[in-house]
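Me: Please take me through the labels used for this model. I want each value set against its cut-off.

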Amino acid sequence: MTYQELQKENEQLRESNEFFKEKISALEVQLGQLYKLIQGFKSERFIPEILEQQLSLFSEKQDEPGQIAAPKETITYTREKQKHPGRGSLPEHLPVREVILEPEEDVSTLKKIGEEVSETLEYTPASLVKRRTIRPKYARKDQQGVVIAPIPPRPIEKSIAEACLLAYILVSKYIDHLPFYRQIQRFKREFGWEPASSTLSDWMASCCQLLEPLYNTLKQKILEDGYIQADESVCLEAA
């Protein structure tokens, strides 16, 4: 074999050696990762340590022959049976509408010995009443003018909304969280009255002006306190 052939073969062996070194290095890395993974699984396993003097709850080992069984005792106790609270009583302040149901047969000759009373709940929708204020006018003698009662004051001057209606709209918006467009839908559905959204907005602005003294008083009392709490959550409510 010539010198050139030996040199070429040597070069090929050197390249093969480098290739196998890289492959062995990669396999060692994979083996290390696999070893860490197996060790992790082992460390996560729970192997309880059972003392000789302590019985295992999950042990299937039976009593060995000749072993003295531990004495057993039966414990009994009594407890009061829990009673269902039953149906809650209806509030006493609710108005009552009595409905008397007489038997279909003639009872004019019979003696009444009692009655069965059952109470249920009915719902009457809120009513929207058109208030008509009539002020008679009287002419004084000798053409001395006209006598007429003064018009009652209203929360909002020259407005058709009475105080009770304004209070209902405010409670619906800020307590029941009903925006104006839903209130308008309810007015239209239940009473056939469809106020404009701008009208309710104007009424709301006027009510805020009327409540400004109360707001200032409440604000002053809060600022006088040494401890103040606040709700910083954002309330996004459409008008």
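Reply: Start with accessibility: buried means under 20% relative accessible area, exposed over 50%, and partly exposed in between (1.4 Å probe, protein chains only). The model is predicted, so local features need pLDDT of at least 70, side-chain atom pairs count only at pLDDT 80 or more, and totals for chains, interfaces and linings use all residues. Residues are numbered from 1 along each chain as its sequence is written, and side-chain values use heavy atoms, with hydrogens and water left out.

Me: Why is Lys 112 called exposed?

Reply: Its relative accessible area is 65%. The cut-off for exposed is over 50%. Lys 112 is therefore exposed.

Me: What makes Lys 112 and Glu 115 a salt bridge?

Reply: A salt bridge needs a side-chain nitrogen of Lys or Arg within 4 Å of a carboxyl oxygen of Asp or Glu. Here the N to O distance is 3.4 Å. Glu 115, at 60% relative accessibility, counts as exposed. The structure holds seven salt bridges.

Me: Why does Glu 11 count as partly exposed?

Reply: Glu 11 has 38% relative accessibility, so it counts as partly exposed. Arg 14 is partly exposed too, with a relative accessible area of 46%. The two form a salt bridge, their closest N and O atoms being 3.7 Å apart. Both lie in helix H1 (residues 3-44), three residues apart, about one turn of the helix. Helices (H or I, at least four residues) and strands (E, at least two) are DSSP runs, numbered from the N terminus.

Me: How do you know that Arg 131 and Glu 162 meet in a salt bridge?

Reply: The N to O distance is 3.9 Å, and the limit is 4 Å. This pair links distant parts of the chain, 31 residues apart. Arg 131 is in the loop between H1 and strand S1 (137-139), Glu 162 in the loop between strand S2 (146-148) and H2. Arg 131 is exposed, with a relative accessible area of 56%. Glu 162, at 22%, counts as partly exposed. Salt bridges that share partners join Arg 131, Arg 154 and Glu 162 into one network.

Me: What is the nearest side chain of opposite charge to Arg 186, and how far away is it?

Reply: It is Glu 190, 4.9 Å away. Lys and Arg count as positive and Asp and Glu as negative; His and the chain ends are not counted. A salt bridge requires 4 Å or less, because the definition says within 4 Å. Arg 186 is buried yet has no salt bridge. Its place is in helix H3 (residues 180-191). Leaving aside neighbours within four places in sequence, Arg 186 is in contact (heavy atoms within 4.5 Å) with Tyr 168, Ser 172, Leu 178 and Phe 191.

Me: How do you know that the span of H3 agrees with expectation?

Reply: The expected span is 1.5 Å times one less than the number of residues. For the twelve residues of H3 that gives 16 Å, and the end C-alpha atoms are 16 Å apart, which agrees.

Me: What puts the buried residues of H3 on the same side?

Reply: Phe 180, Gln 183, Ile 184, Arg 186 and Phe 187 are buried in H3. They cover an arc of only 160° around the axis, so they are on the same side of H3. The arc is that of the directions from the helix axis to the C-beta atoms. These buried residues pack against helix H2 (163-174) and helix H4 (197-210).
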